[in-house]
Amino acid sequence: RLVSHLNGALVRRLLAWAEADLGPPPCPYAFLVFGSDGRYEQTLLTDQDNALVYADGVPDAARYFENLAEKVIADLVAAGFPPCPGGYMATRWRAPLSEWKARFAGWIEGPRAEAVLAAATFFDHRAVGGALDISPLAGVVARARRNAPFLSHLARAAVGFRPPLGAFRRLKADDGGIDLKKGWLAPVQGLARVWALDAGIAATSTLERLEAAAAAGFVDRERAEDLAEACLFLAGLRLRAQLASLAAGSTPGNRVAVDSLSPSERRHLKESFLAVRDAQDAAVVRYHVTLA
């Protein structure tokens, strides 16, 4: 949360500089961040995930916010935030509020692969700058709970990455390491997202979603607590590995070397992955997921 708040403070400063260069904005707007930053779960490995939403019906708005986006994104790059490889940045993703509402609705109502990916990305959003009220977007997202095919597609994406467990529930390392993003981060965040949407929960933090989903009866309380404990433990391992990489002059990543773990940490890691796998199996049944 601290890293996410710091990132937000930086964006607000860059927005102020851009407005000083371009003049006052022609209408209210909101600068959004999403993904891990939108969930307040940013760590030391980051690129840019952002977008712009602005008020409808202002003829000069499109050109102004194109220039504003270019300035802010360039400043973020200069500050050490690399561009998003998938292009999820305000230089590409900016539009009036009505268009964003239509996009959100289209992703829910037409859950193709690209729509599910976009929804999983943009639905975990929050505003870090600007004064535009973006609550209408939450109203559109709330419709997801009434769309069983969409929830099923989201659940399928959440079970697509399986924890690295081999025969007899042994840890399955790849070249001596384990990718925590694929084995833990992606599936748990995906499961928490689909449970939250199913329950009509507006929270974006994974831990808050797990707690709220358990309170609403969408996931067993013990399973939710196991997953929350796994989140905290694995997030700690990930952050420790990233700090070690920085200290060694390397780029931080998502892999942790199995040899760097103590015997108790290996046991805890295996138990965490088992909790994730059990939750995935339950989601397959609940959401009628058809696996390839």
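This dialogue covers the cavity, the pockets and a surface patch of a predicted model.

Trainee: What are the ground rules?

Mentor: Residues are numbered from 1 along each chain as its sequence is written, and side-chain values use heavy atoms, with hydrogens and water left out. The model is predicted: local features need pLDDT of at least 70, side-chain atom pairs count only at pLDDT 80 or more, and totals for chains, interfaces and linings use all residues.

Trainee: How many cavities of 30 Å³ or more are there?

Mentor: Start with the idea. Rolling a probe the size of a water molecule over the atoms shows where empty space is left. On a 1 Å grid over the protein atoms alone, a cavity is a set of points where a 1.4 Å probe fits but cannot get out; a pocket is an open set with protein on both sides within 12 Å along at least five of seven lines; lining residues have an atom within 4 Å of a point. Here the count is 1 cavity. The largest cavity has a volume of about 150 Å³. Its lining has 16 residues, and D37, D47, Q48, D49 and F81 are the closest to its centre.

Trainee: How is a volume defined?

Mentor: Points are joined across faces, edges and corners, and the volume is the space filled by probe spheres set on them.

Trainee: Which residues line the largest pocket closest to its centre?

Mentor: That pocket has a volume of about 1000 Å³. Of its 33 lining residues, G35, R39, T121, K181 and Q189 are the closest to the centre. Helices are DSSP runs (H or I, at least four residues), as are strands (E, at least two), numbered from the N terminus. Helix α7 gives the most to this lining, with 7 residues.

Trainee: And the second largest pocket?

Mentor: Its volume is about 530 Å³. The lining has 23 residues; R1, Y40, E41, T43 and A235 are the closest to the centre. Here α9 gives the most, with 6 residues.

Trainee: Which residues form a nonpolar patch on the surface?

Mentor: Patch members have over 30% relative accessible area and no salt bridge; nonpolar side chains (Val, Leu, Ile, Met, Phe, Trp, Tyr) are joined within 5 Å, like charges within 9 Å. A salt bridge is a side-chain nitrogen of Lys or Arg within 4 Å of a carboxyl oxygen of Asp or Glu. Areas come from the Shrake-Rupley method with a 1.4 Å probe, and for residues only the protein chains shown count as cover. L239, L243 and L246 form the patch, with about 260 Å² of accessible area together. L243 sits in helix α9 (residues 221–247).

Trainee: Why does L243 count as partly exposed?

Mentor: Because its relative accessibility is 47%. Buried is under 20%, exposed over 50%, partly exposed in between (1.4 Å probe, protein chains only).
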